[in-house]
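Let us walk through this structure together, one step at a time. Have a look at it first, and then read on.

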Amino acid sequence: MPSAEFEKAAADVQQLKVLPKDDELLKLYALYKQATVGDNETAKPSVFDFKAKYKWSEWSKLKGMAQADAETEYIKFATELIDKYSN
């Protein structure tokens, strides 16, 4: 179960007034999925579904990372994005 700090970081990053760059959003998504679900065991999306393919690929790169480690990295990265885009 995610920590309160993780839940707060997830809520806070969704309140950004400026949308982070695509690569930052993909990293954030992958860390979130790894922290909450674990390794990506889903089928690879269709080659024509570009958005799903990129998300799947980014999450798959984290295979083997412990959920607790992904949670810690998510909090750290979300905090960086909040600091970067809140100004």
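A salt bridge, as the term is used here, is a side-chain nitrogen of Lys or Arg within 4 Å of a carboxyl oxygen of Asp or Glu. Glu 58 and Lys 61 form one, with their closest N and O atoms 3.3 Å apart. Please keep in mind that this is a predicted model, in which local features need pLDDT of at least 70 and side-chain atom pairs count only at pLDDT 80 or more, while totals for chains, interfaces and linings use all residues. Residues are numbered from 1 along each chain as its sequence is written, and side-chain values use heavy atoms, leaving out hydrogens and water.

Now step back to the whole chain. The protein chain has four helices and zero strands, where helices (H or I, at least four residues) and strands (E, at least two) are DSSP runs numbered from the N terminus. Buried residues make up 28% of its 87 residues; buried means under 20% relative accessible area, exposed over 50%, and partly exposed in between, with a 1.4 Å probe and protein chains only.

Asp 12 pairs with Lys 8, the closest N and O atoms being 2.6 Å apart. These two are four residues apart in helix α1, and so are separated by about one helical turn. Glu 24 and Lys 84 also meet in a salt bridge (2.8 Å, N to O). Because Glu 24 lies in helix α2 and Lys 84 in helix α4, this pair ties together parts that are 60 residues apart in sequence. Glu 24 is buried, at 10% relative accessible area, whereas Lys 84 is partly exposed, at 45%.

Helix α4 deserves a visit of its own. Its 19 residues reach 26 Å from first C-alpha to last, close to the 27 Å expected at 1.5 Å a residue (the expected span is 1.5 Å times one less than the number of residues). Among its buried residues are Tyr 74, Phe 77 and Leu 81, and what covers the buried residues includes α1 and α2.

Which charged residue of this helix is buried yet has no salt bridge? That is Glu 71, and Lys 8, the nearest side chain of opposite charge, is 14 Å away; Lys and Arg count as positive, Asp and Glu as negative, and His and the chain ends are not counted. Leaving aside neighbours within four places in sequence, Glu 71 is in contact (heavy atoms within 4.5 Å) with Pro 2, Ser 3, Phe 6 and Ala 35.
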